[in-house]
Amino acid sequence: MGPGGACWRGGGVPGGFKRWLSSSAPAPRVCVVGSGPAGFYTAQHILKHHNGAQVDIYEKLPVPFGLVRFGVAPDHPEVKNVINAFTQTARLERCAYYGNITVGRDVTVAELRQAYHAVVLSYGAEDNRVLGIPGENLSGVYSARAFVGWYNGLPENRDLKPDLSCETALIVGHGNVALDIARILLSPLSLLRKTDITDCSLAALACSKVKRVWLVGRRGPLQVAFTIKELREMINLPGARPVLNPADFTGLENAIKDAPRPRKRLTELMIKTALEKPGEKTVEVQAAATQAVAPREWGLKFQRSPQEVLPTADGRRVRGVRMALTHLEGSGDSAKAVPTGDVEELECGLVLSSIGYRSLPLDPSVPFNTQRGIIPNSSGRVEGVPGVHPVSFSDWEKIDAAEVARGKAAGKPREKIVDPQEMLQLIGH
């Protein structure tokens, strides 16, 4: 399953979480695989609602916190404050952290199920969705996941060495991660130096020639996935000018009259930015623009679907992207982008694909839907794996009493129950 996680019951305590959280149930031992936000929030909840619970958190890296450490942008320290709460959880006597343990390699899920009452899988999405178009593997094309991992110090991406020698970058995607990347590419170094961005990334950005970033999406302004906070940060970024085409927003003021408030405010901000004259810009943006030796710019391009990453003459590097123009069928979030038949090419030397992450299989014993990139589950409970329902000695005594009672009615010491299913039904399994 993705970052949310999935779980199933192991051995030891019949009846599941609801009975564990009652005061009469034995103290559960729970294993959480993954120490990101989902893992720590799960641990917090269990420890808060069951005074006797023991939670062990397993993490493949030596360091904890997952996306909070490796996904949140370095210039968003306020979002990382949740680490303080996670640290308090990890310091509890009833919580243990085991880093540098890869589940599926160092210990199997089957072994964990033997050792714990429940195993919660919250190991996140360790891969990215692919565009699935020609040229995607050319030099100069990177996934957002790898690029974010690079500037945030994720060990597996430390040697990425992205080529930032071009002037124009194209980001495929209209989500918050896409805006994060655009902001990092265009931010003044003076702002980035105050963050926890890695030294090698800062050095590379200091030498970057990128001064123009286009963010491309298949659908229109009403379907963008980013939020108003991130958009406002981009609009007010010192030394960077927003470039939005007023024609993209024609008629949208009427279309958003009955839209939910967050969508309405977001669209109004885009419209305002698109229609703004240079003299009407905010004081801070004006000042930054006049100070900049080479003003940087960024823009949103709508209803364009990448068809092919175009190579340079030697066939090695990216020189541009051919995009299919689209029209929308339907409206709102369910609108679908359909190619019109027209295409356009956009020159760029750097392409970043920000179209979502996907999970990978963890262990051969755990069911996995490779097409959807998730662990099949029903409300979080893993499907396709039988839950273990152990019989305690007190349960046996209930079966024993039933056998004796049946035997007594027939004038015998006992009448043995021979059907295992009947035995389990008798004790409520």
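User: What is the handedness of the crossing of α7 and α10?

Analyst: The crossing of α7 and α10 is left-handed. That means the near helix is turned anticlockwise from the far one by less than a right angle; clockwise would be right-handed. This is a predicted model, where local features need pLDDT of at least 70, side-chain atom pairs need 80 or more, and totals for chains, interfaces and linings use all residues. Numbering runs from 1 along each chain as its sequence is written, and side-chain values use heavy atoms, without hydrogens and water.

User: Why is α7 called roughly parallel to α10?

Analyst: The axes of α7 (176–186) and α10 (residues 228–235) cross at roughly 20° and come within 10 Å. The angle falls under 35 degrees, the cut-off for roughly parallel, so α7 is roughly parallel to α10.

User: Which residues make the contact between α7 and α10?

Analyst: From α7 come N176, L179, D180, A182, R183 and L186. They meet E230, L231, E233 and M234 of α10, contact being heavy atoms within 4.5 Å. By class, five are nonpolar, one is polar and four are charged.

User: What puts the buried residues of α9 on the same side?

Analyst: In α9 (residues 199–206), S201, L202 and L205 are buried, which means under 20% relative accessible area with a 1.4 Å probe. Their arc around the axis is only 100°, so they share one side of α9. That arc is taken from the directions from the helix axis to the C-beta atoms.

User: Which helices do the buried residues of α9 pack against?

Analyst: They pack against α6 (144–152), α7 and α8 (189–192).

Conventions:
Buried < 20%, exposed > 50% of the residue type's maximum accessible area, 1.4 Å probe, protein only. Helix = DSSP H or I, 4+ residues; strand = E, 2+ residues; numbered from the N terminus. Axes fitted to C-alpha atoms, helices over the stretch in contact; angles between N-to-C directions. Parallel < 35°, antiparallel > 145°, perpendicular 65-115°, else oblique. Nonpolar A, V, L, I, M, F, W, Y, C, P; charged D, E, K, R; others polar.
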